[in-house]
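Let's take a walk through a protein together, one region at a time. Keep the picture open beside you and look for each residue as it comes up.

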Amino acid sequence: MNDVFAPARLGPIALRNRVIKAATFEGRTPDALVTDELIEFHREVAAGGVGMTTVAYCAVAPGGRTDRHQIWMRPDAVPGLRRLTEAVHGEGAAVSAQIGHAGPVANAASNRVPALAPSRMFSPLSMRMMRTPDENGIRELVAAHADAAKLAEASGFDAVEIHFGHNYLVSSFLSPKLNRRTDRYGGSLANRARLAREIAAAVRQAVGGRLAVTAKLNMEDGVRGGLTVPESVQVAAWLEADGTLDALELTAGSSLLNPMLLFHGAAPRRSFGDVLPVPARWGFRMVGKAFLKEYPYQEAYLLERARHFRRELTMPLVLLGGITNLDTMRLAMAEGFEFVAMGRALLREPNLLQRIRSDATTRSACVHCNECMPTIYTCTRCVFRPDQPREPVELTMSGIGGTEAQV
């Protein structure tokens with residue numbers, strides 16, 4: 001485990017090293033289907049040396065997207081996804097599909113399907129009330145995750161990552177701030193964790209043993225009354241005891257309420273205000289400073305929270321957040337984390353791992369300005385790479401949710 005570039009096992013699959021490209025909404029699916037641009041995005045990262053790249057965001061239902069330009073898993077998507085997985089495999093890397101439902105982060109106005117939340121609440125994204133699923137609706141959501149995993153397998157993916165973070169649907173059920181239900185899915189932590197455990201079990205039953213099954217779990221929401229680290233550690237312990245996951249990727253923050261806790265670094269308020277359509281632009285300029293808080297950047301900035309999980313769990317863990325150089329990767333391995341995940345650094349330099357292997361003193365050119373965050377509206381990219389495509393998609397007030405994994 002001390003060598004980040006040594007081959008590693010992730011459940012039933014073998015990776016050529018311990019570095020994973022974190023899920024980053026790529027902004028390259030204007031028709032909710034794979035494009036040549038999306039394939040090239042992941043092929044380039046794979047050619048750059050990662051062990052596995054992650055395709056985001058593969059929603060389990062049309063209403064589970066932050067807007068209608070994201071892929072949702074259905075048979076029509078499989079041929080394009082097959083081309084993508086074949087291209088990644090051709091470069092020697094594995095590929096994972098991030099599956100999930102955006103829940104309260106979904107934009108109903110764009111999707112033309114009601115957004116879902118654990119309890120009755122108003123959506124600032126679509127300016128309408130969200131729908132609260134009953135227990136029959138929850139069973140359908142669990143089945144939708146299993147079906148999405150089967151489609152991922154049919155598309156040639158090596159793994160699926162279930163989204164339990166950032167106040168997307170499952171994360172919103174975990175949050176006592178957002179989940180005020182009084183049935184079996186609300187109230188106690190055990191009840192609030194029920195949906196996560198049922199989905200993980202359903203996905204495991206659908207593809208476990210053939211595909212690796214991982215989950216991205218919030219360590220904390222970063223808002224008053226939200227999920228806390230001790231609560232999340234308990235949820236992780238239950239998931240470990242269930243035996244439904246091959247690894248957990250640890251994250252933090254709320255795409256709905258506090259997205260910058262995930263990112264750290266500069267808060268690109270002006271850029272977000274400039275790309276949003278009127279009247280959303282006016283509203284954002286009023287609340288942008290409170291919404292996009294600023295957290296100082298440092299390497300491995302989520303490590304202190306993640307240590308609580310490493311002490312209590314034996315299952316493989318993926319350290320996310322501020323992983324940009326070999327020293328930090330080695331620190332993660334020394335702390336007992338089996339894998340590391342990178343996002344923004346690979347947007348800046350898809351070949352960063354190759355450069356690090358050639359010269360251990362290599363430092364990422366990423367300056368943590370976070371100006372990549374607003375580019376989800378026009379094609380996710382590093383603004384310091386002028387060679388990147390910039391074909392615009394139709395603007396909607398789809399929130400910050402699509403950027404949630406550029407870390």
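**A guided walk along the chain**

Let's begin at G187, which is partly exposed with a relative accessible area of 48%. Here buried means under 20% relative accessible area, exposed means over 50%, and partly exposed is in between, using a 1.4 Å probe and protein chains only. G187 sits in the loop between α5 (169-174) and α6 (189-192). Helices (H or I, at least four residues) and strands (E, at least two) are DSSP runs, numbered from the N terminus. From G187 to P114, 73 residues away along the chain, the C-alpha atoms are separated by 24 Å.

Before going on, a word on what you are looking at. This is a predicted model, where local features need pLDDT of at least 70 and side-chain atom pairs count only at pLDDT 80 or more, while totals for chains, interfaces and linings use all residues. Residues are numbered from 1 along each chain as its sequence is written, and side-chain values use heavy atoms, with hydrogens and water left out.

Now for the wider setting. An unreviewed UniProt entry lists residues 4-241 as "domain: NADH:flavin oxidoreductase/NADH oxidase N-terminal". UniProt positions are given in the numbering used here, feature names are shortened, and annotations may be inferred rather than shown by experiment. Over residues 4-241, the chain is 36% helix and 17% strand, and the end C-alpha atoms lie 27 Å apart.

Next, find helix α2, residues 78-90. Its 13 residues reach 18 Å from the first C-alpha to the last, close to the 18 Å expected at 1.5 Å a residue; the expected span is 1.5 Å times one less than the number of residues. Which residues of α2 are buried? They are V78, G80, L81, L84, T85 and V88. Seen down the axis of α2, these buried residues fall within an arc of 160°, so they line one face of the helix. The arc is that of the directions from the helix axis to the C-beta atoms. On the face turned away from the buried side, α2 carries the exposed residues E86 and G90.

Some parts of the backbone deserve a second look. Most residues other than glycine have a negative phi, and most peptide bonds are trans. The peptide bond from A56 to Y57, however, is cis, with omega near 5°. Y57 belongs to strand β4 (residues 52-59). H264 is not a glycine, yet it has a positive phi of about 65°. You will find H264 in the loop between α9 (260-263) and α10 (269-275), and at 7% relative accessibility it counts as buried. C379, also a residue other than glycine, has a positive phi near 135°. C379 lies in the segment after α15 (352-358) and is buried, with a relative accessible area of 4%.

S271, in helix α10, counts as buried at 19% relative accessibility. S271 and N370 are 99 residues apart in sequence and 9.8 Å apart in space, C-alpha to C-alpha. L33 is in the loop between β3 (19-21) and α1 (36-47), and is partly exposed at 29% relative accessible area. In helix α8 (residues 229-242) you can find W238, which counts as partly exposed at 21% relative accessibility. W238 and A193 are 45 residues apart in sequence and 8.7 Å apart in space, C-alpha to C-alpha.
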